[in-house]
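Here is a short briefing on one protein model. Keep the sequence and the 3D view side by side as you read.

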Amino acid sequence: MEPIILPSAKECPFCGSSRIVKGERYFAMCVDCGATGPERTSDATERRFVSDWNSRKQETNIARLLEALQLLYQETRDYIEINNLGDPHHNVSMQKAREALKWKFP
Ligand SMILES: [Zn+2]
């Protein structure tokens, strides 16, 4: 029997493959590297599996860091402007923060 591809599953976190199929013991298996997860249980549904497979702790951490950087950037820029302290992008840290935030908030 041909394995069923799960189109709504994100790519494999280990090898980047998008060929994620339904497994027997596990809900999903990467065809290319063999990564599996999460294990099937009686109360687990396919919808919950996709949510579990797609949740990436690293992405959550990055999102939190971006939010914190954006707030810090805005507050610092406001502080410099309100107190008339000159160009808010004079500091290297402000330049780097603005560059880092460009891809997320162009
Ligand atoms: Zn893989």
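An open sheet of three strands has the order E1-E2-E3, with antiparallel pairing. Two strands pair if DSSP finds at least two bridges between them. Strands (E, at least two residues) and helices (H or I, at least four) are DSSP runs, numbered from the N terminus. This is a predicted model: local features need pLDDT of at least 70, side-chain atom pairs count only at pLDDT 80 or more, and totals for chains, interfaces and linings use all residues. Residues are numbered from 1 along each chain as its sequence is written.

- Strand E1 (20-22) and strand E3 (36-39) are the edge strands, and each pairs on one side only.
- Neighbouring strands of this sheet are turned by 20° against each other on average, direction ignored. The axes behind that angle are lines fitted to C-alpha atoms.
- E1 and strand E2 (residues 26-30) run antiparallel and are joined by three bridges.
- Lys-22 stands opposite Ala-28 in E2.
- In general, strands of a sheet pair through backbone hydrogen bonds.

**The whole chain**

- The protein has three helices and three strands. From the N terminus on, they run β-β-β-α-α-α.
- The radius of gyration is 21 Å, but a compact globule of 106 residues would have one near 13 Å. That value is taken over C-alpha atoms, and the globule rule is 2.2 Å times the number of residues to the power 0.38.
- Along the principal axes, the C-alpha atoms fill a box of roughly 70 × 30 × 15 Å.
- Buried residues make up 8% of the 106 residues. A residue is buried if 20 or more other C-beta atoms lie within 10 Å of its own, exposed if 12 or fewer, and partly exposed in between; C-beta atoms are placed from the backbone.

**Helix H2**

- Helix H2 (residues 57-82) has 26 residues, so at 1.5 Å a residue it should span 38 Å. The expected span is 1.5 Å times one less than the number of residues.
- The end C-alpha atoms of H2 are 37 Å apart, which agrees.
- H2 is hardly covered: the count of buried residues among its 26 residues is zero.

**Asn-84**

- Where is Asn-84 placed? Asn-84 lies in the loop between H2 and helix H3 (92-102).
- Asn-84 is not a glycine, yet it has a positive phi of about 50°.
- Most residues other than glycine have a negative phi.
- Asn-84 is exposed, because 6 other C-beta atoms lie within 10 Å.

Note on methods:
Axes fitted to C-alpha atoms, helices over the stretch in contact; angles between N-to-C directions.
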